[in-house]
Amino acid sequence: MLYPELFKQLESVRWDMDKDIPWDQFDASLLTEEQAQTIKMNAITEWSALPATEMFLRDNKHDSDFSAFMSIWFFEEQKHSLVLIEYLKRFRPDLVPTEEELHEVRFEFETAPPLETLMLHFCGEIRLNHWYRRASEWHTEPVIKHIYQTLSQDEARHGGAYLRYMKRAINKFGIEAKAAFAKVGVLMASARRTAQALHPTNLHVNKALFPRDTIQSRLPNPEWLEHWLDTQIKFDAVWETKVVERILHNLSLLMDRSFKSVQELNRYRKELQASLASGGGAAPNPA
C-alpha cells in the first residue's frame, strides 16, 4: 500500500496555518481591489475538493489504498480554501465567501473511469502548481504572495502522489492503464488549441446540470477564471509550455518512452488503442 508511506512523507512537510504564514507582514497598501476579488474566487474554487473527494470515494470503492490517500488530499486541499478565507477574514472581511457560495460548488459528478480521472487530476495538479506560481508573482501584497507559493508547493506534492498511484496502476493493469493515461494526457496537454482552461474545475461533469455543471460556472463570477488567467496573472504561451513540458516529461518517465510533443504522445496513444483493439496484452515496444 502507498497510503502509509505517503502519509509520512506529506505529514513531514505539512505547513501550519498559524505558524508558517507570515500574517504580521501584511501591507494593506499593496493589496488592490481586483487582487482581493480573485482571492475570493480561488477560495471558492478550492472548496470544490469536497465534491471531487466524494467522486473519488464513490468511483474507487474497489481501492482502499487510494481511498485512504483521499484523507490526506482532501484535508490539504480544503486547507487551501481555509487559508484563503482566513486571509479575507483578517484583511478583507467584506469578501469572505458565504456558506451558500461555498455550497454552490458542491454537486454530484457523473461516474467516470477511475484511471482516466486519476490522470485528469494528476494533470490538474501540475497546472495548478504553475497557476499558483504565476499568481504569487502577480500579487504585490507579501502575505498572499507567500500563501500562493505555499499552495503551489502542495499541488506539486499532490501531483507526485498521484504519479505513484499511476505507476501502481500500470503495474496492475498494463496497457489498459497506459492507454487511459495517454488519452487524457493528449487532451490536457493540448490547451493551446482550446478556448477554455483545461483543468478539472473547468470541465463539464454532469449532463443533467448543463451548462452549470462545471465548478467555474457555479462561482459568483463564472467568467473569473479566464480573466484571471489571460488578463491578471497573464498565463501566456510561455507558461502553458511549461505545463505541457511537465506533463510530457512525467508521461515519458511513466511509459519509459520519450515524448517531446503532444503529437508524439498522440501517436503512442493510437498504438496503444490499436493494440487493445487487437487483444494485445502488452504495450508496444518503444521506437
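Lys-234 counts as partly exposed because its relative accessibility is 46%; here buried means under 20% relative accessible area, exposed over 50%, and partly exposed in between, with a 1.4 Å probe and protein chains only. This lysine is found in the loop between α9 and α10 (237-255), where helices (H or I, at least four residues) and strands (E, at least two) are DSSP runs numbered from the N terminus. Please keep in mind that this is a predicted model: local features need pLDDT of at least 70, side-chain atom pairs count only at pLDDT 80 or more, and totals for chains, interfaces and linings use all residues. Residues are numbered from 1 along each chain as its sequence is written, and side-chain values use heavy atoms, with hydrogens and water left out.

**Backbone features**

- Lys-234 has a positive phi of about 50° although it is not a glycine.
- Asp-256 also has a positive phi, near 55°, and is found in the loop between α10 and α11 (262-277).
- Asp-256 is exposed, because its relative accessible area is 63%.
- A cis peptide bond, with omega near 5°, runs from Phe-210 to Pro-211, and Pro-211 lies in the loop between α8 and α9.
- As background, most residues other than glycine have a negative phi, and most peptide bonds are trans.

**Confidence**

- The protein has a mean pLDDT of 93, and 94% of its residues reach 70 or more; pLDDT is the predictor's confidence in each residue, from 0 to 100.
- Over residues 283-287 pLDDT stays under 50, and the model has 13 contacts beyond four places in sequence for them; contact means heavy atoms within 4.5 Å.
- Where pLDDT is low, the predicted coordinates should not be read in detail.

**The nonpolar core**

- The largest nonpolar core has 89 residues, and Phe-69, Tyr-87, Ile-147, Phe-181 and Trp-228 touch the most other members.
- Such a core is a set of buried Ala, Val, Leu, Ile, Met, Phe, Trp, Tyr and Cys residues joined through side-chain atoms within 4.5 Å.
- Leaving aside neighbours within four places in sequence, Phe-69 is in contact with Tyr-3, Leu-6, Leu-10, Ala-161, Tyr-162 and Tyr-165.

- Ser-81 lies in helix α4 and counts as buried, because its relative accessibility is 0%.
- Beyond neighbours within four places in sequence, Ser-81 is in contact with Ala-43, Glu-46 and Trp-47.
- The C-alpha atoms of Ser-81 and Lys-40 are separated by 9.2 Å, and the two residues are 41 residues apart along the chain.
- Cys-123 lies in helix α6 and counts as buried, because its relative accessibility is 1%.
- Not counting residues up to four places away in sequence, Cys-123 touches Met-188 and Ile-247.

**The largest pocket**

- The volume of the largest pocket is about 750 Å³.
- Of the 41 residues that line this pocket, the closest to its centre are Leu-120, His-121, Pro-200, Leu-203 and Val-205.
- On a 1 Å grid over the protein atoms alone, a pocket is an open set of points with protein on both sides within 12 Å along at least five of seven lines, a cavity is a set where a 1.4 Å probe fits but cannot get out, and lining residues have an atom within 4 Å of a point.
- Grid points are joined across faces, edges and corners, and a volume is the space filled by probe spheres set on the points.
- Helix α6 gives the largest share of the pocket lining, nine residues.
- The pocket lining divides into 20 nonpolar, twelve polar and nine charged residues; Ala, Val, Leu, Ile, Met, Phe, Trp, Tyr, Cys and Pro count as nonpolar, Asp, Glu, Lys and Arg as charged, and the others, Gly among them, as polar.

**The cavities**

- There are two cavities of 30 Å³ or more.
- The largest cavity has a volume of about 40 Å³, and its lining is made up of Leu-10, Val-13, Arg-14, Trp-15, Glu-76, Lys-79, Asp-154 and Arg-157.
- Two or more residues of that lining come from each of α4 (64-91) and α7 (142-173).
- Three nonpolar, no polar and five charged residues line the largest cavity.
- The second largest cavity has a volume of about 30 Å³, and α3 gives the most to its lining, with three residues.
- The lining of the second largest cavity divides into five nonpolar, two polar and one charged.
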